[in-house]
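Q: Please take a close look at one part of this structure and describe it in detail. A connected account of its surroundings and packing would be welcome.

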Amino acid sequence: MSADVTPAEVVVSLLAREIEDGAVVATGVASPLAILAIAVARATHAPRLTYLACVGSLNPDLPTLHPSSEDLRFLDGRSAEVSIPDLFDHARRGRVDTVFFGAAEVDGLGRTNMTASGRLGEPRTKFPGVAGAATLRQWVRRPILLVPRQSRRNLVPQVQVATTRDDRRPVRLISDLGVFELGAAGARLLARHPWASVEQISERTGFSFQAEERLSITPLPDARTVAAIRSIDSHGYRDQLVGA
């Protein structure tokens, strides 16, 4: 990998590529990497995307990444205000294309845990919570799971509490080591990042997975994409959020 491109910039560029020009994308709470990916996609290959921000804004200006998804500066430049019920109504009607979902745990079937460790009735540790992700994930056309610091603690054989699941279709997971497809048929490694070997990925994955013998390597972002990332995230928050 070029020494000039960081792992965080590769991950952000992969997230941005998941957004097609003209797509409708939305973010929930604690989603600074997703917001950065949306801003980069808008600045490069997807200028006609529609963005529904969780602070209640439609198509806000995104010149600068702020560390909190709930920063009220993400209201600036909005073309309209959007309530949370509006967001869910649009998703239920099939009008939202892509949402990036985080999780404290993910298993090979694509189930996520955002609720707690231990038993649901007697949790040892409570996680941030599901908000509306359980239904939103099933309504969005192309949900994407994001784990920016992959380890055996968050990619687990079986989630302790199944907060979200979608048994009807596989889901893509992007981590700081590679790209997986998860679902009822099991887990499959689709690509590895340039700095990660299959052996290293296996060491930091708690579930079993299949991988092609000639596995794809994720491409590096082009100069225009790197420039957009560095301009929008001039404070370098991305490098604090992505491991590798």
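A: Leu-220 is partly exposed, with a relative accessible area of 33%; buried denotes under 20%, exposed over 50% and partly exposed the range in between, using a 1.4 Å probe and protein chains only. The model is predicted: local features require pLDDT of at least 70 and side-chain atom pairs pLDDT 80 or more, whereas totals for chains, interfaces and linings use all residues. Residues are numbered from 1 along each chain as its sequence is written, and side-chain values use heavy atoms, without hydrogens or water.

Leu-220 is located in the loop between S14 and helix H6 (223-232); helices (H or I, at least four residues) and strands (E, at least two) are DSSP runs numbered from the N terminus. Its C-alpha is 7.8 Å from that of Val-5, although 215 residues separate Leu-220 and Val-5 in sequence.

The structure contains three aromatic pairs, a pair being rings of Phe, Tyr or Trp (its six-membered ring) with centres within 6.5 Å; planes under 30 degrees apart are stacked, over 60 edge-to-face, and the rest tilted. The rings of Phe-180 and Phe-207 are edge-to-face, with centres 5.8 Å apart and planes at 80 degrees.

Elsewhere, the axes of helix H1 (residues 7-17) and helix H2 (residues 32-43) come within 8 Å and cross at roughly 65 degrees; axes are lines fitted to C-alpha atoms, for helices over the stretch in contact, with angles from 0 to 180 degrees between N-to-C directions. In this contact (heavy atoms within 4.5 Å), Val-12, Leu-15 and Ala-16 of H1 meet Leu-33, Leu-36, Ala-37, Val-40 and Ala-41 of H2. Ten of the twelve residues of H2 are buried, including Pro-32, Ile-35 and Ile-38.
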